[in-house]
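Please examine the sequence and the structure shown here.

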Amino acid sequence: MPIADPAIQLDHVSRHYTMGETHVRAVDDLSLTVPGGEFLALLGSSGSGKSTLLNLIAGLDRPTSGAIIAHGQNIASLSSLDLARYRRNTIGMIFQSFNLLPRMTLEENIELPLRLAEVERSERAPRVREALERVRLTHRLGHRPTELSGGEQQRVAIARALVNRPKILLADEPTGNLDSNTGEAILSLLRDLQSGLGMTIVMVTHERPLAERFADRLAIMGDGKLLSAAVVEKGVAQ
Amino acid sequence: MKPRDLTDLAVRNLREALLRNALTTLGVAVGVASLVAMLSLGVGLQQLAAKRLSQSGLFDTIFVTPKNNFRGMGRPPREAASEKPPRALDEDARKEIEKLPNVIEVYSQVRFFTEVRFNGKPFATVVAGMPESSRNSGSFDGMTGNFFSSPAANEAILQIEFAKDLSDKPVSLVGQELVLRYAERQALASANAADASANSSEPTGGFSVVPKELHLKIVGIVETEPAAGFGGMGNARLLMPLETASALRAAQVNDLRDIVRDNTANKTTYPSLSVRAKSPAQVDALETSIKNMGFGVFSLLDASKSLRTFFSVFDLLLGIFGSLALAVATLGIVNTLVMAILERRREIGVLKALGAADSDVQQLFFVEAGVMGFFGGIFGVLFGWLLGRAITFGTNVYLQRHNLNSIELSSVPWWLVFSALGFAVLVSLVAGLYPASRAAKLNPVDALRYE
C-alpha cells in the first residue's frame, strides 16, 4: 500500500551488537513506514528491540545496515554533526523518567534545546511560553523539576520536546512512571498535539490498552522483528 | 552553542558542585601562586642586581682611549702598521662623542692617591672626581647628607669606611671641613698645555710637581663608591665634584705614561674618557659609534650579558619549580572533570538527545576547565603577589635587625600577571582536553540508560 507522504521509512534496518560472547540482533531486518501525522505505538515484550528502534529513529544510534529515511533524509548516512542537527530540528523526545535536568528551573529546561539550536535570546522567552501553553502548564516556571509531580514533569518534558517545533515526537514509555490517570492525561495531551500540530508520534509502550485507545496504529515487535501481521490497522479510538 | 550560552552553562555546572570545583580552583590558584611568587622573586632579584649594577656605573659607562692606547702599557698596537696615525682623544673628540645620541656625559676621570688631613691627623686615600650626571644615577640614593651643591663646589662626600676612620660618629662629620693635600702639576716654561708635553728630561717641556692644599666641606656620606669601575688603585674613599677635581690639576698615575708617549701634541688630549650612556641597553650601539670614530672602547657589557644569561637560567629554574605545583593542580582539574563526567553521564545523554553535537559537549567541559583555570589564575596571581610581599617583608625585618637597608625583593610586573593568568588558563585547557573528549565520545544511548 503506497503512502503519499511518509514521515519515517525504515528499509531493512538491522542493529546488531555483541555483548560479551553473544551476538545480539536487537533490530533485525525490519521495514516499516510511518505516514506523516500518524500516532504509532510500538509494542512488544522487553528485549524485543522497540527501544533500540526508537533510538535509531531518534538518531541516537546508528543501524548496522539498512536505511532510515526521515522526511526524505537518510539519517543512517548523516555525519555526526548533521545527526545532531537532525535530533535538534526534526525530533522531539520524551522519556519514561522525564530526564529533566534537576538543577535547572522549568523555564531553563525548556530553553535548553533553543540554546543548542542557537536561537536568538529575544526569541527564546516567547517560544518557551508557547510550548508551555501547549502542555497547559504556564505557572511555576521558576520551579525546579523535583518540586513537581510526575505528570507535571512529563508535561515539562513534552514542552521541552516541542520547543524547537519538531516534525516527529518520539516517546519512550512516557507513562511508565505515572499512575494510570496521569498516564491517560499525558497520552490525551499527545493526541491533541498530534491533531493540533500535525505531528508524527512514535511511542514505545507495553501498555496495550492505552495504546489501543490513543494510537492510530499498533506495531508489535518480537526478537527484533516486526511480528507477522503485526501492523494492525485500528479504527481511531473515540 | 553560542559562547555566551556555553559559558553560562559551564559556570552553572561549576556552581553545582561548588565545594569540589572551588577546591580544584584553589589547587590551580596555589599552583599559580607558587609560580608567580617564584618568578616575582627572580624578577625582583634581577631588578635589584640591575639597579645595584647601574648604580655602580659599570654597565652604562664606556671607557674610550686612543686606539694605540688600549688599556695596559707596553701592549703592541692591534692593527700593526696602521695606515694613518691614530686619532687624538682631544677636546674636539670629546665634544663629538658628547653629541652622540643617548650620551649623558663625557668626562675625563680624575682619580689620584693623596693625603687628607682632618683634625690635624693625616689619612691616606684615593680621591675621585664625580661627574654631575652621577647626581641622578641613583648611586647616591639613601646617602647621609646631600650631593654637591654645585658642579664646582669645594665639597666632599666620604665613603662610610673612610668616615669611620676619621671619626667614631661618622654622621657628625657632615658640615665639618677637611684639608686635601695634593701635588699639582705645573708646566715648565715651554709647555703650553697642562698634561701634554715632552719628556721631562728634554729641555722642551715636562712639568714640576708642587704640593698644595684645599679645604673641603664634607656634605655627605655614602655607602659605596659609585663608578668604582675602571679607575684602578682601589676604591676612592673621598669624592669631590669633577670640575673641582680637574681644576686641581693633581698629578695622576697616567701622566708619566702620557709624557713618554704623547710628545707631539700641542693641545689638550685625554689619556682616556668615560662616556656615560642613558642605560646599559644603549651601550652596545654607542660602543660601535665611538669605535667608528677611530677610538678604542671598552665596557663591561659582556659581563652584563652573561649576567642576563644567568638570570634567564635562574628564572627558568624558578619557573620550573613554581610550575610543579601547577602541574599537580592540573591533575586535580583532570580528576574533577572525569568525576563530573561520571556524575553527569545522564545529563550528557539528555543533552545529546536534545540535539547537542559531540563538539557542544566537548566545548562545555573545555570551558568548565578554562573557567576554573581563569579563576584559579586570578586568585593565584593575588596569592603569589601576597606571598612575594610577605617574603620581602620578612627579609626586610631581618635586614633591619642587622642594620642593613631594606630591599624590594619581589616584583610582579604586569607581564607576569597576564602571562601567569594566560598560562593558568592554557594549562587548564590542556587538562580539560582528555575529559572533554571523553565526555564528547559518550554514547548517548548508554548515557541515557545510566542510573
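Helices (H or I, at least four residues) and strands (E, at least two) are DSSP runs, numbered from the N terminus. On that basis, chain A has seven helices and 11 strands. The model is a predicted one. Chain A comprises 238 residues, of which 45% count as buried. Among the contacts in chain A with a separation of 6 or more, 70% are made by residues 24 or more positions apart.

One part of chain A is an open sheet of four strands, with the order β2-β1-β4-β5 and antiparallel pairing. The edges are held by β2 (22-35) and β5 (73-74) of chain A; each has a single partner strand, so one side of each is left without a neighbour in the sheet. Strand β1 (residues 6-19) of chain A is joined to β2(A) over 10 bridges in the antiparallel sense, and A:Ile8 lies opposite A:Val34 in β2(A). Helix α1 (residues 50-58) of chain A packs on this sheet, where it touches β1, β2 and β4 (65-70) of chain A. The direction of α1(A) makes about 60° with that of β2(A).

Helix α4 (residues 121-134) of chain A has 14 residues and spans 21 Å from its first C-alpha to its last, close to the expected 20 Å. Its buried residues are A:Arg127, A:Val128, A:Ala131 and A:Leu132. Viewed down the axis of α4(A), these buried residues fall within an arc of 135°, so they line one face of the helix. Their cover includes α3 (106-116) and α5 (150-162) of chain A. The face of α4(A) turned away from the buried side carries exposed residues, including A:Ser122, A:Glu123 and A:Glu133. After α4(A) comes A:Arg136, with a positive phi near 55°.

Key: Residues are numbered from 1 along each chain as its sequence is written. Chains are lettered from A and ligands numbered from 1 in the order in which they are written. This is a predicted model: local features need pLDDT of at least 70, side-chain atom pairs count only at pLDDT 80 or more; totals for chains, interfaces and linings use all residues. The expected span of a helix is 1.5 Å times one less than its number of residues. A residue is buried if 20 or more other C-beta atoms lie within 10 Å of its own, exposed if 12 or fewer, and partly exposed in between; C-beta atoms are placed from the backbone. The arc is that of the directions from the helix axis to the C-beta atoms. Two residues are in contact if their C-beta atoms, placed from the backbone, lie within 7 Å. Two strands pair if DSSP finds at least two bridges between them. Axes are lines fitted to C-alpha atoms, for helices over the stretch in contact, and angles run from 0 to 180 degrees between N-to-C directions.
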